[in-house]
Amino acid sequence: MILSDGLFINGSELTKGVCHSIDTSEVTVTGGLAGDGGVFDETLVGLNGPPQSRQVAALGFYGHNIQINTGSEGGWDEFGPKRLITRSEGNVLYEVDGKPALPLYKMYLGEEAKGLPGTALCFPLAIWNEDQGKDSWVIRTIQSINETEQSMQFSGDVPQGWNTRLMWGKFDKIIDASVEAARVAEAAPDTPSLSIMISCLGRKILLGQRIIQEVYLASKILGEKNQRIGFYSYGEIAPQRVSKIPMLHNQTMIITTLFEKN
Amino acid sequence: MKNLFDPDLITHSLLKKQLERSGSFNESERWPYFLKQIDMAYCESDRERRITEHTMEVMSEEIMEINQGLMAQTNELLRSQERYLLVAKAASDGLWDWDLKTNRIYYSSRWWEMLNLVDKEQDSSIEDWFSRIHHEDVHSVHEHINHHILGGSTRLEVECRIKTNSSQYIWVLIRGLAARDEKGKAVRLAGSQTDITLKKKQDEALYKAAFHDELTGLANRALFMNRLEQVILRKRRLGEKRAALMFVDLDRFKYINDTMGHEYGDEVLKLVASVLKSHTRPTDTVARLGGDEFTVIFDPIDDIEEAKFVAQRIITQLNRMYELAGREIYVSSSIGLTMIDHVQKSPETILRNADLAMYEAKSRGKSRLEIFDQHQYDRLLEKMELTADLRQGKKRNQFEVFYQPIIDMETGAVTCFEALMRWLHPKYGYVSPAKFIPLAEETGLIGTLGQWVLDKVIVQMHAWCDVITPQKCPSISVNISVKQLMDDMFYKKVLQTLDVLGQKRRLIRLEVTESVIMADPKLIIERLKSIHELGVILSIDDFGTGYSSLSYLHNYPFDLIKIDQSFIATMLTDHKSERLVASLIKLSQDLGLKTVAEGIETEGQCKALHALGCTYGQGYLFSEALPPVEASHIVFQGHRYTINPYDEDISLLS
């Protein structure tokens, strides 16, 4: 489990780095980037001491009987035409289909565009490499916008040449995603377990008071013998659904359940 | 009210949670809190709805826009397709479009038509095409296509033969261009197929015209030289068996043309061509270089013996009586033969060698075969070099005139000098006139050389006359050949030169040499008489040798006879020679002519000649040919040679 500073680190690179030194077919990698409730001031991580900014901690769980289940779901739906990222650098997106990305984005936000970048949470992007197939998609959320360059900065890389589609979330479906994640991460019946729930802060901002449903409904699935801890994050780390390669996600609920086999 | 806040009665999870949370408040706060929660939930729900509606609206607008774009594209595509179909129909070229991913290919109706096939009107296989390409061309077509697909060429362009439905082959030009994906990989190849059969035929006819002799259909000189070069290169590079070149020249062909007409001559040439063609192998090359000159390259040939055998067989077949256009004609040819081997020689050299051998065959009596001989060639080369040097020598003043005294046998006085040309060759030193005069005659240079000597002699004569009186001045004799006299230009020049001399003309003698049969004796007599009438003394040189005959003494205006030195040399040892000399002197005296004995070397000869009454003498006994300065010295001093018929000594008096 990787717990990292949420502001001063590129989550994608962090995940790649961790995977580079770990055999990911043997070890499940999950975790998240710490958040600070949308203030974007400082994010704290601590291990065996007081929590601090600019820290990354890694926890390893091992044992003959330990079992770790991970579920990750966003509940977002893609919509609109498929577009090609025609110009980007790292996590900055300039053009899609040869046109500036920002005006297109604003058009979809409508009056909500006034609240950028906060309101960008409504429309994250699904991005994927066509060579690896559509199922390899991940979600990217806007962190900031640049009106002069007409560009947008994302929470992770947006590689040039990849495909993208806009995503939107109906509240119900976003809430349902936590139920889905809980179903995958569920421990064996009647087994004591611990679930670490890491949910994107964006979900909380978007859902408003309905955010309480997210944890509430997931808890129902995880059962009475389950204990839950968690936080709202600035980025979630979990294996990609299809390739099983650990990746940085956005706007996602990740549930990691630890329990012992009988 | 309590029952109302029982969450178990509620199914909606949010309302349930709101009720649960409201339940923890006291009754007075519970309602306001609960209502606030409900209000927020509605607001949030409205916001979600607004967002949803807006999103739906924008998306539908964008989709409409995209749709319109697509419709415009579709329309443009339809128009373009119509245009394409119209063009394809109108074009004389067949069109094809090959999907490299599925390996399916589309052919236009014109494509099928071109091959006399019925349009399948559906996707066809690439095999419909490749199976029809001529087996000799199919490899090249594959190679060109692969090369283009792999990006080795900017466009596909290849010519090949392709079989029509009637099993005939037509020539086509295939042109094409690959469409590539973003990685540059070819995914599609499309292009045209043009019928170029007519053009090919025209090209072939042009090629034939450019490289073949129109009359006989044999290879012409250009093609022959090209083939010869190829053969030489092959022998040299691959060390193949040798080859041989035969040069055939018809004997008396000009005569045939002149007497029987050019048309008949052409028939003879065609006949020769067909004989040569029918007695050679397909690997041999038969060519007509022009006129009545033919060449044959025998390739391969083991050695000179085989070449001789093959050439001899052709001569036997060629040189015989033919019945041609109702007439009997005997064809005869002279043939030169040379080998082509790995020794480095140019095509021109080999052709020249065969040509030289052919000339040798001609000069050895025609209708025969001669093999090129390197030594013979070397001699010829030497002669050619000397000829070239001769021209240079004239330009570079390598010639001089020497003067050999001619003595009065009675008085010992020098009455005349014979002007003799000397050539100081930069490499060989003094070259004998016996060697270069015939060359000069052969090359026509004798005209200018003769004129030059005459001019030189006249200048010398004037120089002497300036010092001593013309009466005392000895004359100078200049050699001219009959061949020179026959030359109109030379003759006119001599007449002109002598004419301006006035009285001094008598100081010039012309010694006429006769080494060939006179082609036109009448003209020579006429010209000699004209010169003689100017007062110029004429002598006949080397009398008794060559073609000179007694009739000359009667018919020609000679004043002097020069008795050839060969008779003088043997007159003391050979009685017959002595008698001949005596008779010549007697005969001359009877005819009123004077005699000059050439090549007197001994006192005995001198005495004997004196006794026989010879007028003048010349030879080493008196003096060799002298440079102008020494000759002038003798002239100015008035030197006399002692002729003492009774005394043993003959010495120069000072």
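This is a predicted model: local features need pLDDT of at least 70, side-chain atom pairs count only at pLDDT 80 or more; totals for chains, interfaces and linings use all residues.

Entry on a loop residue. I looked up N397(B) and placed it in the loop between α12 (374-395) and β14 (399-408) of chain B. The phi of N397(B) is positive, about 55 degrees, although the residue is not a glycine. Is N397(B) buried or exposed? I record N397(B) as exposed because its relative accessible area is 64%, and the cut-off for exposed is over 50%.

I found N116(B) in the loop between α3 (109-114) and β3 (124-125) of chain B. With a relative accessible area of 44%, N116(B) is partly exposed; I did not call it exposed because that term requires over 50%.

Entry on a cis peptide. I looked up the bond from D299(B) to P300(B) and noted that it is cis, its omega being near 0 degrees. P300(B) belongs to strand β9 of chain B, which spans residues 293-301.

Entry on the extent of the interface. I turned to chain B and chain A, where 25 residues of chain B are in contact with 27 residues of chain A. The two chains bury about 2200 Å² between them, and carbon and sulfur atoms give 60% of this area. Which three residues supply more than any other three of the area that chain B buries against chain A? I noted E44(B), E48(B) and E62(B), which supply 23% of it.

I found one salt bridge between chain B and chain A. In this salt bridge the side chain of E62(B) meets that of R83(A), at 2.5 Å from N to O.

Entry on the elements involved. On the side of chain B that touches chain A, the elements giving two or more residues are α1 (13-22) and α2 (27-90) of chain B. I noted that α2(B) gives the most, with 16 residues. By class, I divided the residues of this side into eight nonpolar, seven polar and 10 charged.

Definitions and conventions: Residues are numbered from 1 along each chain as its sequence is written. Chains are lettered from A and ligands numbered from 1 in the order in which they are written. Side-chain values use heavy atoms; hydrogens and water are left out. Contact means heavy atoms within 4.5 Å. Buried area is the accessible area (1.4 Å probe) that two parts lose on being put together, summed over both. A salt bridge is a side-chain nitrogen of Lys or Arg within 4 Å of a carboxyl oxygen of Asp or Glu. Helices (H or I, at least four residues) and strands (E, at least two) are DSSP runs, numbered from the N terminus. Ala, Val, Leu, Ile, Met, Phe, Trp, Tyr, Cys and Pro count as nonpolar, Asp, Glu, Lys and Arg as charged, and the others, Gly among them, as polar. Buried means under 20% relative accessible area, exposed over 50%, partly exposed in between (1.4 Å probe, protein chains only).
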